[in-house]
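Hi there,

Here is the structure I promised to pass on.

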Amino acid sequence: MTIAPRRAEQNRLRLLLAAAASAALALVAALFAAPAALAHDSLTGSSPADGESVATADSITLTYSAEPLDLSARVVVKDSVGTVLFDGAPTIDGTSVTADFSEAPAAGPVTVDWRVVSSDGHPIEGTTTFTVTEGGAAASDSGGEGSAPAASASPSSQPADASSSTPAASEADEGTDGDDGGIGKSLIAAAVVVAAALIVGIVVLVTRKDKNPDRGSAAGDDQRPGSQA
């Protein structure tokens, strides 16, 4: 008389285990997908490209994986002699960020330091370089009297730029790392809670299953005619 109830209980247990396994697999998949969802935008290219050699250039265009926010964006461009070609807020047009140079760069490497706010609200920054093979007008006149004061003024302006930009960049990095750490810890905590709930639920149901057949068989024995006699 107790065979059918036991089979029904076993079927319910199998369904429960299948549901728990499905939930665990979904949780694992969500945890693996979370880093991709939390990834910030990235620089996908530039014109001139990083490491490229060009005859001359009058601007730099940076392209990102998504449209950055028009908030606190900054680009600093310096040529090989330290002349600041651009320092300020660039023009944002979709995923493109453009900085127009104030003058033609001198021959040699040009360094582009950029910082934008990712579409997810987090600041990102980096550096790209390209090389100019033909010097601009400022480079050809560098030996003249009129250009000497400008050349001497460049070194004094460089420390000011570095001192003003470095703290802001470090603060932005600290804020970004803190936010990412908080989100990661929240995901881990949620995963632990869900896994614990599943385990507790399975343990409780298995325990009930082990106890119920004994109770059922005991009740059946009490109701048998032979036991009453």
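Below is what I found, going from the whole chain down to single residues.

A word on the basis: this is a predicted model, in which local features need pLDDT of at least 70 and side-chain atom pairs count only at pLDDT 80 or more, while totals for chains, interfaces and linings use all residues. Residues are numbered from 1 along each chain as its sequence is written, and side-chain values use heavy atoms, with hydrogens and water left out.

**The chain as a whole**

The protein chain has four helices and nine strands; these are DSSP runs, numbered from the N terminus, with helices being H or I of at least four residues and strands E of at least two. Along the sequence the order is α-β-β-β-β-β-β-β-β-β-α-α-α. Of the 229 residues, 24% count as buried (buried is under 20% relative accessible area, exposed over 50%, partly exposed in between, with a 1.4 Å probe and protein chains only). The chain exposes about 13700 Å², and carbon and sulfur atoms supply 60% of that area (Shrake-Rupley method, 1.4 Å probe; for residues, only the protein chains shown count as cover). Among contacts with a separation of 6 or more, 65% are between residues 24 or more positions apart; contact means heavy atoms within 4.5 Å.

**The sheet**

Five strands make an open sheet of mixed pairing, in the order β2-β9-β8-β4-β5 (two strands pair if DSSP finds at least two bridges between them). Its edge strands are β2 (53–54) and β5, each of which pairs on one side only. The pairing of β2 with β9 (residues 123–132) is parallel, over two bridges, and V54 has V132 as its bridge partner in β9. S53, also in β2, is in contact with T131 and T133, leaving aside neighbours within four places in sequence.

**The salt bridge**

The structure holds one salt bridge, meaning a side-chain nitrogen of Lys or Arg within 4 Å of a carboxyl oxygen of Asp or Glu. R74 and D87 form it, with their closest N and O atoms 3.1 Å apart. Because R74 lies in β4 and D87 in β5, the pair ties together parts that are 13 residues apart in sequence. R74 is partly exposed at 25% relative accessibility, and D87 is partly exposed at 35%.

**Two loop residues worth a look**

D79 sits in the loop between β4 (69–78) and β5 (84–88). D79 is buried yet has no salt bridge, and the nearest side chain of opposite charge, K78, is 9.3 Å away (Lys and Arg count as positive, Asp and Glu as negative; His and the chain ends are not counted). What does the side chain of D79 reach instead? It comes to 3.2 Å from the backbone nitrogen of V81, and a polar atom of the D79 side chain lies 2.8 Å from the backbone nitrogen of T83. Beyond four places in sequence, the contacts of D79 include L85, P105 and V110.

S118 lies in the loop between β8 (108–117) and β9 and is buried, with a relative accessible area of 1%. A polar atom of its side chain is 3.0 Å from the backbone nitrogen of D41. The side chains of S118 and D120 are joined by a polar contact of 3.0 Å (a pair of N or O atoms within 3.5 Å; within protein, one must be able to donate a hydrogen and the other to accept it, and residues adjacent in sequence count only if both atoms are side-chain atoms). Outside four places in sequence, S118 is in contact with H40, D41, L69, P123 and I124.

Best wishes
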